[in-house]
Number of protein chains: 2
Amino acid sequence: MRWKRRRQILMTEKAEMVKEMIRQLGDDAVLYRDEDLLTYECDGLTVYRGMPIAVVFPSSTAEVSGVVKWLYENDIPFIPRGAGTGLSGGATPLGGEVIISLVRMKKLLHLDYDNREAVVQPGYINLALTNSITNKGFYYAPDPSSQSNCTIGGNVAENAGGAHCLKYGVTTNHVLGLEVVLHNGEVIDIGGVPDTPGYDLMGLLTGSEGTLGIVTAITVRILKNPEGKETAMAYFDTVEDASYAVSDIIAAGIVPAAIEMMDEIAIQGVERATKPAGHPEGSKAVLIMEVDGIAAGIEEQIKDMVSVCERHNVTEIKVAKNDRERGRWWANRKTAFGAMGAISPDYLVQDGVIPRSRLSEVLANIADISAESGLRIANVFHAGDGNLHPLILFDARNEGETDLALKVGSQTLEACTAAGGSITGEHGVGIEKKEDMRLVFTEREIDRQLNVRSVFNPNNMLNPDKQFPKPARCGEVKQAVGSGEAHQVVGQG
Amino acid sequence: MRWKRRRQILMTEKAEMVKEMIRQLGDDAVLYRDEDLLTYECDGLTVYRGMPIAVVFPSSTAEVSGVVKWLYENDIPFIPRGAGTGLSGGATPLGGEVIISLVRMKKLLHLDYDNREAVVQPGYINLALTNSITNKGFYYAPDPSSQSNCTIGGNVAENAGGAHCLKYGVTTNHVLGLEVVLHNGEVIDIGGVPDTPGYDLMGLLTGSEGTLGIVTAITVRILKNPEGKETAMAYFDTVEDASYAVSDIIAAGIVPAAIEMMDEIAIQGVERATKPAGHPEGSKAVLIMEVDGIAAGIEEQIKDMVSVCERHNVTEIKVAKNDRERGRWWANRKTAFGAMGAISPDYLVQDGVIPRSRLSEVLANIADISAESGLRIANVFHAGDGNLHPLILFDARNEGETDLALKVGSQTLEACTAAGGSITGEHGVGIEKKEDMRLVFTEREIDRQLNVRSVFNPNNMLNPDKQFPKPARCGEVKQAVGSGEAHQVVGQG
């Protein structure tokens with residue numbers, strides 16, 4: 001592969017590339033010194049690291065196109081990057097790529113309230129959209145925990161979700177059109193009209209983790225704020241009780257906007273971190289349940305959910321008194337990953353999905369994995385749609401514990417797929433779960449996916465070697481991380 | 001192209017093929033005599049016709065796989081077909097193909113109420129699914145007008161919609177997994193687990209009109225019946241008033257399950273056909289509005305919709321007294337296409353999509369097209385999501401009137417795309433709208449789509465030459481229909 005050669009890029013070649021990038025973008029838009037590149041060694045998954053050869057900051061579609069065209073013609077691989085909050089290493093170099101950062105393309109280009117659409121550049125921050133339209137009574141539904149930092153371009157790349165996916169769907173359900181710079185610099189528009197005929201390329205691009213093109217403008221659906229909204233928190237003495245309550249709420253025909261669960265360790269973490277919510281000491285499980293829609297129906301639904309919880313031995317239930325309290329509860333929940341830093345030197349977050357009916361069984365399996373490995377596992381998850389986030393707590397200073405944590409992460413995914421589930425709900429495959437793809441796909445199915453990739457990324461120059469394992473027939477089942485510094489850990493703490 | 005050769009298939013080759021098909025499937029599963037093939041000359045779009053060389057009826061995935069493998073290896077093109085109710089000629093031979101009918105694969109394979117899933121074979125009838133699960137309080141949401149005849153396999157091929165798409169989305173939003181026989185007979189599974197990682201091949205296959213594979217099992221989402229439901233009909237003196245009422249209902253933040261509109265000519269048709277609903281004589285426009293969900297919120301929403309209608313000069317509003325009346329109203333609406341037979345010897349139905357905010361402007365343009373051409377156009381449409389169905393009324397016995405009707409159909413699509421819309425909401429491209437694809441896509445974008453096709457359909461043997469125009473560089477901009485009997489008309493009436 002050409003890319004292998006490029007990992008040993010010559011100093012003279014690098015100098016030529018940097019000169020060209022500066023010529024195209026200006027000298028304030030190119031980083032190339034090692035000390036400036038360190039920040040770009042990894043994204044939100046800090047366990048894997050690799051050095052880019054440069055980072056460039058285009059300000060327009062034309063600039064992205066020009067940069068991509070030159071890099072492609074000069075056989076230099078490249079990686080699009082948003083805010084770098086991704087959790088599977090999608091924007092982490094394997095070594096030797098140019099990172100194309102989209103953070104300067106952060107404009108809100110167009111708002112159309114009549115047709116419920118907004119057009120944004122890829123570097124536009126997720127939460128900024130809701131903030132920009134809330135005074136007109138609108139919002140943007142996908143709400144990953146990182147929404148105050150992550151970009152909508154990154155959300156498209158990862159097909160990001162969030163707490164409210166249960167009712168409102170993930171990013172792909174809210175994307176109406178894309179402007180895309182292809183591997184060779186060509187710019188195409190996909191979608192952007194209602195019900196585009198032909199093959200669903202918009203669906204194909206969404207969630208393709210930067211391997212099929214660089215999104216330079218995104219048309220998204222905006223929603224009218226629901227007329228009413230209520231949020232309740234319910235505490236249980238066992239995770240099983242909480243799990244059965246979730247199943248029965250859905251079975252009762254209630255469609256909550258969100259049902260989140262945190263277990264005992266997760267609760268300890270969030271209570272000791274930056275935004276405590278006053279969870280009762282010693283709680284074994286909490287559900288955060290939200291209902292929204294027509295005001296008239298809200299109270300009845302909350303009442304129904306409460307009575308389901310009562311049948312499952314709930315110990316305490318409270319309903320948010322106002323928007324401020326609701327906001328505080330959600331802020332508390334959304335700090336859960338980072339909050340692990342308060343109770344563990346390092347942690348690794350996983351992202352498995354299971355059929356909702358097998359929640360308590362899979363949680364029991366994860367508890368067994370924890371007991372066997374000796375590593376604590378906190379569970380924070382979108383319970384309503386079966387999207388688990390096991391948080392594996394470890395201490396990288398202990399010899400071998402990082403590798404153990406990675407292994408335990410894979411074991412939790414195996415537990416999910418064994419129950420008919422999947423290896424990622426919203427964080428993507430990236431570097432981290434490439435090999436775990438074999439839990440879901442046969443070799444031939446992976447080939448089929450790579451055939452599709454070859455249409456848009458013929459030389460594997462666009463975010464090379466991400467998202468899929470190397471085909472086994474190449475005799476390379478496990479692939480080392482490119483920088484030669486795999487498994488170097490920083491973590492949070 | 002190999003296929004061209006096949007159109008002049010030799011009698012000896014045909015005899016060999018028929019013998020092999022009978023060997024594989026049994027002699028009650030193969031039609032090959034001209035008189036038996038006539039029924040398969042077209043689907044629901046009767047304007048275009050072409051003769052298949054045989055029709056085969058496999059009963060299992062293994063049989064589909066065996067047939068496809070043999071046909072592929074022997075260079076004989078093939079077309080999957082469901083109930084043949086499609087409206088864009090997707091299952092119509094261009095001449096010389098073998099039709100693979102899936103009607104004998106009509107089993108409901110699996111029901112999982114806990115996880116809200118059903119698995120069906122492709123020949124399973126759409127409405128049969130709802131009928132099978134209604135006693136448990138569940139239903140299947142996509143509801144095309146042909147739902148009592150059309151198959152779920154066909155729905156997947158066309159990404160079919162229906163009156164309730166407005167709230168519930170089209171078929172692609174309800175498909176969770178597919179078993180697919182590929183062009184060479186290989187069988188693969190796509191999706192089937194929650195949140196499948198990798199590229200969204202399920203989205204790619206859905207709506208691919210039989211050009212990427214033959215779906216042999218489909219996992220669909222089933223929904224819990226809404227607790228409450230109300231349906232209202234509102235009459236107006238002008239189509240403009242009705243259009244503005246629709247816009248304002250959506251703007252008010254109400255999310256109706258459906259808002260359908262019929263204009264004066266359509267109303268005359270349905271009242272003279274098989275299921276009259278008692279629409280007042282001389283009504284210029286009727287809206288059928290349905291709200292469903294939590295019982296407590298329903299009445300308020302109906303009240304809000306009524307008050308919007310009142311602001312737009314509604315002349316009469318009635319609310320369905322019970323399920324029977326509601327059922328009668330929907331049956332009336334769903335006969336609208338066929339009902340044109342009561343007021344015109346022939347008709348052609350179109351399927352344009354526009355941004356909702358431009359409804360009244362585009363309807364005015366369509367009225368102009370009607371006046372200029374001298375052909376009456378009835379309008380029946382899913383108003384809430386801007387999906388128009390202009391019904392072009394004509395008499396095929398008049399010299400040249402069929403060609404005129406086809407031209408007028410294209411003109412209505414031009415009016416839609418000029419307003420930022422698209423050429424199909426739910427009927428697909430098929431044969432009919434191949435050239436109209438150029439209204440939406442550039443040549444390079446079409447190339448890109450054909451590149452994707454080539455991954456799954458490398459020799460264009462699977463439903464050949466459908467859905468996309470011939471690339472212009474081949475010097476063949478307009479392609480004649482294969483049978484040599486293009487534009488032969490039968491129509492309805």
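**Exercise 1. List the residues that Glu260(B) touches, and place Glu260(B) in its chain.**

Solution. Step 1: leaving aside residues up to four places away in sequence, Glu260(B) touches Ala163(B), Val286(B), Leu287(B), Ile288(B), Trp330(B), Arg333(B), Phe381(B), His382(B) and Ala383(B), where contact means heavy atoms within 4.5 Å.

The model is predicted: local features need pLDDT of at least 70, side-chain atom pairs count only at pLDDT 80 or more, and totals for chains, interfaces and linings use all residues. Residues are numbered from 1 along each chain as its sequence is written, chains are lettered from A and ligands numbered from 1 in the order in which they are written, and side-chain values use heavy atoms, with hydrogens and water left out.

Step 1: Glu260(B) belongs to strand 13 (residues 258–263) of chain B. Helices (H or I, at least four residues) and strands (E, at least two) are DSSP runs, numbered from the N terminus.

Step 2: the relative accessible area of Glu260(B) is 0%, so the residue is buried. The classes are buried under 20% relative accessible area, exposed over 50%, and partly exposed in between (1.4 Å probe, protein chains only).

Step 3: one of the touched residues, Arg333(B), has its side chain in polar contact with the side chain of Glu260(B), at 2.7 Å. A polar contact is a pair of N or O atoms within 3.5 Å; within protein, one must be able to donate a hydrogen and the other to accept it, and residues adjacent in sequence count only if both atoms are side-chain atoms.

**Exercise 2. Describe the interface of chain A and chain B by its contacts, area and charges.**

Solution. Step 1: the contacts involve 61 residues of chain A and 60 residues of chain B.

Step 1: the two chains bury about 4,900 Å² between them, and 58% of it is on carbon and sulfur atoms. Buried area is the accessible area (1.4 Å probe) that two parts lose on being put together, summed over both. In chain A, the most area is lost to chain B by Pro197(A), Tyr199(A) and Arg448(A), together 17% of what that side buries.

Step 2: four salt bridges are counted between the chains, each a side-chain nitrogen of Lys or Arg within 4 Å of a carboxyl oxygen of Asp or Glu. Glu186(A) pairs in this way with Arg448(B), the closest N and O atoms being 2.8 Å apart.

Step 3: elements of chain A that give two or more residues to the side touching chain B are strand 9 (187–191), helix 8 (201–205), helix 9 (239–251), helix 11 (295–311) and helix 16 (443–456). Helix 16 supplies the largest share, nine residues.

**Exercise 3. Which parts of chain A does the salt bridge of Lys334(A) and Asp143(A) tie together?**

Solution. Step 1: the side chains of Lys334(A) and Asp143(A) meet at 3.3 Å, N to O.

Step 1: Lys334(A) lies in helix 12 (residues 323–334) and Asp143(A) in the loop between strand 7 (138–139) and helix 6 (152–158), so the pair ties together parts that are 191 residues apart in sequence. Asp143(A) is buried, at 6% relative accessibility.

Step 2: take another pair, Arg328(A) and Glu325(A), whose closest N and O atoms are 3.7 Å apart in a salt bridge. Because these two are three residues apart in helix 12, about one helical turn separates them. Arg328(A) is partly exposed at 41%, whereas Glu325(A) is buried at 13%.
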